[in-house]
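Colleague: Can you walk me through this one? I would like to go piece by piece.

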Amino acid sequence: MNLHEYQGKELLSSFGVRIQRGIVAHNAKEAVDAAKQLTAETGTSWHVIKAQIHAGGRGKGGGVKLAKNLQEVEELAGQIIGMNLITPQTSAEGKKVHQVLIAEDVYYPGDNEPEEYYMSVLLNRGTGKNMIMYSTEGGMDIEQVAEETPHLIFTEEVDPALGLLPFQARRVAFNLGLSGTAFKEMTKFVSALYTAYVKSDASLFEINPVLKTSDDKIMAVDSKVTLDDNALYRHRDLAELRDLREENPIEVEAGSLGLNYVDLDGNVGCMVNGAGLAMATMDLIKQAGGEPANFLDVGGTADAARVEAAFNIILKDPNVKAILINIFGGIVRCDRVAQGVIDAYKNIGNIKVPIIVRLQGTNADIAKELIDNSGLDVLSATEFQEAADKVHEVLS
């Protein structure tokens, strides 16, 4: 589950991470009120207007602006709220902005020049350890840094059983070239950031940039936070931060029906029981000359109601030109699944795309007979290759 920047910053702050302070506004009037409040609390005279969507690169799309007075705050907030913001991480249609963060200006003059760093905490699946990735090249796309100057990216692996050790936090500060007050501030920042990552059961914390201010404070100017969905039962308060407006509406509906569904860009809808079989089915579709339109795992209870719900979800995608149902009857009998497909087909009616049903396992022969004798426009198969051939046939 992704969080908005302001939500991520609030989470960071609760663990002692210094943040760029800000207040959320949903319209231009609220933006002006937020700016006044922020000036009273922080003394800032300039304000940063930041669109709140679940995508990076907001500045490149015009979603981050600097306001030097209250009139500009009102004007810029009015322009950003309601716009469809297009960034390198959104679709061509972009994402509608419902709210902005009015943030303090932290690039104030002082004894030293401000400096920006990149930092993230995530799991290294190859080693089974948590990893702090950081760079002196903050404010840039980390992918670009990795491609052009890979020697400027550092990593610090942390054993989950031991946690982040003090010398590791000091090594991060040293590799960033810090000394004195900034060095001490960075070690505190890294330790607090890692604690936030672990305690919130996150799968990613990304701060770009981490800022060293002109008076050597270290703070998070941005935040990208992804929480592990499987751990949200332990964090009811964090689960309530979910913004369904930012998510694919079909995926949200599928989730409410208990279906594991991921929307893709292809032309063949998939309905499968089991994640492993679903992945293999997607490979099968590619081999047959098609492109999977979705990942859909209906689970072990593929009864008529569940199959009908899955059909309705798949058919919401106008790009679907065929549907492949691939069920292994281990827990559930194939003949029951076949009857579920027949009942669902009749209930929905007028399904205009061809359907291939491949059932294998308990009572697979009975299931094939049920499908073949149903009188419906459904093609049955029992072997993987047979199903692939039928997919290729209907697409061509």
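This is a predicted model: local features need pLDDT of at least 70, side-chain atom pairs count only at pLDDT 80 or more; totals for chains, interfaces and linings use all residues.

Colleague: What is the strand order in the open sheet of four strands?

Modeller: The order is β1-β6-β2-β3, with antiparallel pairing. Strands (E, at least two residues) and helices (H or I, at least four) are DSSP runs, numbered from the N terminus. Two strands pair if DSSP finds at least two bridges between them.

Colleague: Which strands stand at the edges?

Modeller: β1 (22-25) and β3 (64-67) do, and each has a single partner strand, so one side of each is left without a neighbour in the sheet. The twist averages 25° from one strand to the next.

Colleague: How many bridges join β2 to β6?

Modeller: Five bridges join β2 (residues 47-51) to β6 (residues 100-104), and these strands run antiparallel. Ala51 is opposite Val100 in β6.

Colleague: Which helix lies across β1, β2 and β6?

Modeller: Helix α1 (residues 5-14) does, running at about 50° to β6. Axes are lines fitted to C-alpha atoms, for helices over the stretch in contact, and angles run from 0 to 180 degrees between N-to-C directions. Contact means heavy atoms within 4.5 Å.

Colleague: Switching to helix pairs. At what angle do α2 and α3 pack?

Modeller: Helix α2 (residues 28-42) packs against helix α3 (residues 70-80) at about 140°, and their axes are 8 Å apart. That makes α2 oblique to α3. Angles under 35 degrees count as roughly parallel, over 145 as roughly antiparallel, 65 to 115 as roughly perpendicular and the rest as oblique.

Colleague: Which residues of α2 and α3 meet?

Modeller: From α2 there are Ala28, Ala31, Val32, Ala35 and Lys36, and they meet Leu70, Val73, Glu74, Ala77 and Gly78 in α3. By class, this contact of α2 with α3 has seven nonpolar, one polar and two charged residues. Ala, Val, Leu, Ile, Met, Phe, Trp, Tyr, Cys and Pro count as nonpolar, Asp, Glu, Lys and Arg as charged, and the others, Gly among them, as polar.

Colleague: And α9 with α13, how do their axes cross?

Modeller: The axes of α9 (residues 275-287) and α13 (residues 384-395) cross at roughly 45° and come within 9 Å. The two helices are therefore oblique to each other. Leu277, Ala280, Thr281, Leu284 and Gln287 of α9 make the contact with Phe384, Gln385, Ala387 and Ala388 of α13. Its classes are six nonpolar, three polar and no charged residues.

Colleague: What about α11 and α12, at what angle do they pack?

Modeller: Helix α11 (residues 334-348) and α12 pack at about 20°, with axes 7 Å apart. They are therefore roughly parallel to each other. In α11 the contact residues are Cys334, Asp335, Ala338, Gln339, Val341 and Ile342, and in α12 they are Ala364, Ile366, Ala367, Leu370 and Ile371. They divide into nine nonpolar, one polar and one charged.

Colleague: In which sense do β17 and β18 pair?

Modeller: β17 (residues 355-361) and β18 (residues 378-381) pair in the parallel sense over four bridges. The bridge partner of Ile355 in β18 is Val378.

Conventions: Residues are numbered from 1 along each chain as its sequence is written. Side-chain values use heavy atoms; hydrogens and water are left out.
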